[in-house]
Amino acid sequence: MKSIYWFRNDLRLEDNAALNSALNNSDHILFVHIDDDMNDAECEWQFSRRGQHRKIFMYQGLEELQLNLKSYGHHLNRFVGKTNLIFQELINRHHINSVYCESINAFEEQAQERLIKELGVNLYSYYQSSMYMPHQLPFDIKDLPDVFTHFRKNIETTGIVPEEPIALSGQIKNTIPILDSKTNLTQELTEDYSQSSFPISDKKFKGGERTAQLHIDQYFQSDYPNSYKYSRNNLMGIECSTKFSPWLSLGFISANQIYSALKRYEQRNSANDSTYWIYFELLWRDYFRFLFMKYGKIFFYKNGLGLSNKSFQHNEEKFNEWKNGKTPSSFINAGISELNQTGFISNRMRQILASYLVNELACDWRAGAAWFEHQLIDYDVYSNYGNWSYIAGVGTDPRGGRHFNVDKQKNTYDPDGSYEKEWIKL
Ligand SMILES: Cc1cc2nc3c(=O)[nH]c(=O)nc-3n(C[C@H](O)[C@H](O)[C@H](O)COP(=O)(O)OP(=O)(O)OC[C@H]3O[C@@H](n4cnc5c(N)ncnc54)[C@H](O)[C@@H]3O)c2cc1C
């Protein structure tokens, strides 16, 4: 049996059920990654969907994946182009019977799967990107509560636990590699990341499975998890929050691997409100994934889930001022400057910037979400659009959206102005 394993947002070997299934059911295997043209296509707001930061991070991680596969005698065949056309050629050239991959519950990704099926191969795709799997939920997705707290309580009272991470199948040593491409693409580091809270120029913050695993190990060997709840809102600093999100978004680590490491930490030390809060935030990540499964396309509508009557009059000039850090607020400009220069900002700054765009500038929240999509290293369609619509008051916030007072936020989180000074070079 000749198969393709198609790496998507699961750029890892460990805890990868889709990959294990491919290995356990194939004699010959072609490992493929495709950087699809659509990643760099222009979005409806006239800029590209993906900027340099995330591209660099992903390419770093692909190099690591190549090395990991090489250690088992395999090869990652890398391509740039149109996914369906590349598959068509590969399937014909190598007489492929089956394609295995993780399933991504989003429209373009589902369309890619449909096109591959039309090429006459068996396609086996496995959903695996949340901490709880949909089949574990104590309700049908269509009955998912529209309020996060109800969802959380439902999960917690039922007592379901995330599945244990699984090891890489030993079959990787017996499966014969198929080679197609010798391409090894790299991406230049063009910005100065040295002051970033997620400095991808530092080898400890590169994209990649081993780097991610090392970071989780070090994080849970430190005392930081004990005080996470009280430091997570700080605007800057490597240790104030976990920094798991960039590695999670491309699947260099899985949510279950993190959950399992968290539980081991609690057993070694003790559980407290901070360790619980790490779980709590990971549950938010799951919640946005399940909300998308429930609502589908309307997740991206201007009026979001349609649970409120809020309206926006988009002003392109104001939006451009916001995204270029030229608003009347130097605090907002500093936040945008950090985002644009480094591809990473704290959760609190994301909330402040989003609130400013929708409340002070009355702009369409989707334009802001698209700018975050362009810049963020940790861009994740569900968490990004879910959080934006929540703040804009068109998601599931029972309070109808969040309006942050910029002066109050600045006084609380940047009382001495050091954050502003850092990101607005005089
Ligand atoms: C407007 C806006 C846009 C956002 N866009 C994204 C995005 O594209 N990708 C992304 O991963 N997160 C996004 N978030 C959520 C959150 O800001 C980041 O996950 C977090 O800042 C990443 O840093 P960390 O890993 O140190 O998080 P920690 O505070 O250490 O949290 C641990 C993990 O929990 C999850 N998490 C934390 N907060 C949230 C949240 N509010 N919603 C969903 N999951 C959460 C993340 O996976 C994170 O890695 C967004 C938040 C806002 C307000």
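**Exercise 1. Work out where the ligand lies relative to the domains, and why.**

Start with the shell: 26 residues surround the ligand, where a shell residue has a heavy atom within 4 Å of it. Next, sort by domain (bounds come from an automatic or database domain assignment). Domain 2 (130–163 + 209–295) and domain 3 (301–423) both supply shell residues, so the ligand lies between them.

Before going on, some ground rules. This is a predicted model, so local features need pLDDT of at least 70, side-chain atom pairs count only at pLDDT 80 or more, and totals for chains, interfaces and linings use all residues. Residues are numbered from 1 along each chain as its sequence is written, and side-chain values use heavy atoms, with hydrogens and water left out.

**Exercise 2. Find out whether His95 and Ala362 are exposed or partly exposed.**

Take exposed as over 50% relative accessible area, buried as under 20%, and partly exposed as in between (1.4 Å probe, protein chains only). His95, a non-glycine with a positive phi of about 50 degrees, comes out exposed at 59%. Ala362 also isn't a glycine, and its phi is positive, about 50 degrees; at 26%, Ala362 is partly exposed.
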